[in-house]
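Have the sequence and the model open as you read.

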Amino acid sequence: QSPRRSPPQSISQVKVRNGNAAIRGFRDTRGHRTMDSVLRMAGSTIRNYARLSDAALPERKNAASFALRCGTAPLRRYADLLVQRQLKRLLSGGQKISARRMWKLGLDLERNHMHAARKLEDSRQDLLLQSLSDHLATQGRANEGSERALSKLAAQVRWIGKKTVGVTLSGTGLEARVPRKESFRQKVGDTVDIYVLEVDLGKRLVSAEFA
């Protein structure tokens, strides 16, 4: 059974399309999919060999740092370097790194992975907010003399309050707050169109209204 491939990465950038702000995503090519399959099969082979040899690896199934490409990128991931050190000991007949030692290293790697993932997501959101803010400023200059610059985007309803609706901008993960209208009938998870009115970079807040 061939390994299941992950969905295309969500590397997004705000661009102008037909006068509206749009999200340009990462293009997943056949070359990317082929290389992903090869690396996953290599990771599966390494993991099976370690299991048959009763050798511990620095990972837990379903952990945040669990990598399907196990052991394939020792120059980029310290966990993969540990995996290859364990393999080297197995192949050379040396003493295996103990399960307890690998377990402790795995916990440290998970904590570091979660911390790095939070910082990466914060940086990604800051860049997207800055990009959206720059687009609003550019559109405002282009529409000088009008009351405000409006950028239309698709969004998903995340939560519904009495006076405010929280939405997530499609393809970005950015959150926006929209005043609730009396005619509002959508449910959580529905897709809606909104006009972005303002981006507060300090508070990391997007203000909008329904289209």
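Which residue stands opposite Ser207 in S7? In this predicted model, that place is taken by Arg177. The pairing behind it links S5 and S7, which run parallel and are joined by two bridges.

S7 also pairs with S6, this time in the antiparallel sense and over six bridges.

Now look at the side chains. In a regular strand they alternate between the two faces of the sheet.

From here we can turn to the interior. Nonpolar side chains in soluble globular proteins tend to be buried together. The largest nonpolar core in this model has 21 residues, and Val167 and Ile194 have the most contacts inside it. Two or more residues come from each of helix H3 (99-142) and strands S3 (151-160), S4 (164-169), S5 (175-179), S6 (191-200) and S7 (205-210). Apart from this core lies another, of eight residues, including Ala50, Ala55, Val83 and Leu90.

Val167 deserves a visit of its own. Leaving aside its neighbours within four places in sequence, Val167 is in contact with Ile194 and Val192, and also with Ala155, Val157, Leu174, Ala176 and Val178, among others. Its contacts also include Gln156, Arg158 and Glu175.

Methods
Residues numbered from 1 in each chain as written. Predicted model: local features only at pLDDT ≥ 70, side-chain atom pairs only at ≥ 80, totals over all residues. Heavy atoms only, no water. Core = buried A, V, L, I, M, F, W, Y, C linked by side-chain atoms within 4.5 Å. Buried < 20%, exposed > 50% of the residue type's maximum accessible area, 1.4 Å probe, protein only. Helix = DSSP H or I, 4+ residues; strand = E, 2+ residues; numbered from the N terminus. Contact = heavy atoms within 4.5 Å. Pairing = 2+ DSSP bridges.
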